[in-house]
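Hi,

Here is the structure I promised to pass on to you. Have a look at it first, and then read my notes below.

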Amino acid sequence: MIDRFQYREDREAYSAARVKALEALLIKKGIITDKTVDTVLDFFETKMGPFNGAKIVARAWVDPSFKDRLVTDTPAAIAELNLPEGMAGAEGEHMRAVANSPDVHNLIICTLCSCYPWPVLGLPPYWYKDPTFRSRAAREPRAVLGEFGLPVPEAIEIKVWDSSAQIRWFVVPERPVGTEGMTEAELEALVTPEAMMGVAIAKAA
């Protein structure tokens, strides 16, 4: 991570203490129970997260017709797969996929806040919500990607997609070269949240 997106070392501990205090207050007022937060965390750790996105991308890599359907009607294509119930809820409403190609690289941002397709990417990282990233990625995406360690040649067009409450975007990265003999399950392991955001590319292991 580049320096401009670094945070204080005790950020996690500081945030955890604030969350604990808020949780204790909500429990005291009877708004939630002591099991509520654990239930929500379990949901995003085991049912909704980047492992779903990896399955979607891997299927698109091995099945060109599915890939076409995915970028044409993303919710309908996702519904074809054996994924957990709730893919269209909890920040998964109106998801849309865009596919990288040799000529086009896609980048996902949210200029308003942190709209993000949780069911396929998990919870958004800190830097995705950072005002510096949000504004600069919209103005100078090629420079920002270079700072992430992803230099994109001038000959390749960069398209920036602004997520919102109406549309939540994710990227289908290009399949890495040299993976032709890999199974779909093996391909899933190559797909990262960063690649599905467009700040990285999928790489062969």
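Asp130 caps the N-terminal end of helix H8 (residues 131-139), with a side-chain oxygen 2.7 Å from the backbone nitrogen of Thr132. Helices here are DSSP runs of H or I with at least four residues, strands are E runs of at least two, and both are numbered from the N terminus. Please keep in mind that this is a predicted model, where local features need pLDDT of at least 70 and side-chain atom pairs count only at pLDDT 80 or more, while totals for chains, interfaces and linings use all residues. Residues are numbered from 1 along each chain as its sequence is written, and side-chain values use heavy atoms, leaving out hydrogens and water.

Now to a helix pair. The axes of H3 (residues 50-62) and H4 (residues 64-72), which are lines fitted to C-alpha atoms over the stretch in contact, come within 5 Å and cross at roughly 125°. The contact is made by Ile56, Arg59, Ala60 and Val62 of H3 and by Pro64, Phe66, Lys67 and Leu70 of H4. Six of these residues are nonpolar, none polar and two charged.

Finally, look at Ile78 in helix H5 (residues 74-79). Ile78 is buried, with a relative accessible area of 5%.

Enjoy exploring!

Methods:
Axes fitted to C-alpha atoms, helices over the stretch in contact; angles between N-to-C directions. Contact = heavy atoms within 4.5 Å. Nonpolar A, V, L, I, M, F, W, Y, C, P; charged D, E, K, R; others polar. Buried < 20%, exposed > 50% of the residue type's maximum accessible area, 1.4 Å probe, protein only. Polar contact = N/O pair within 3.5 Å; in protein donor to acceptor, adjacent residues only side chain to side chain.
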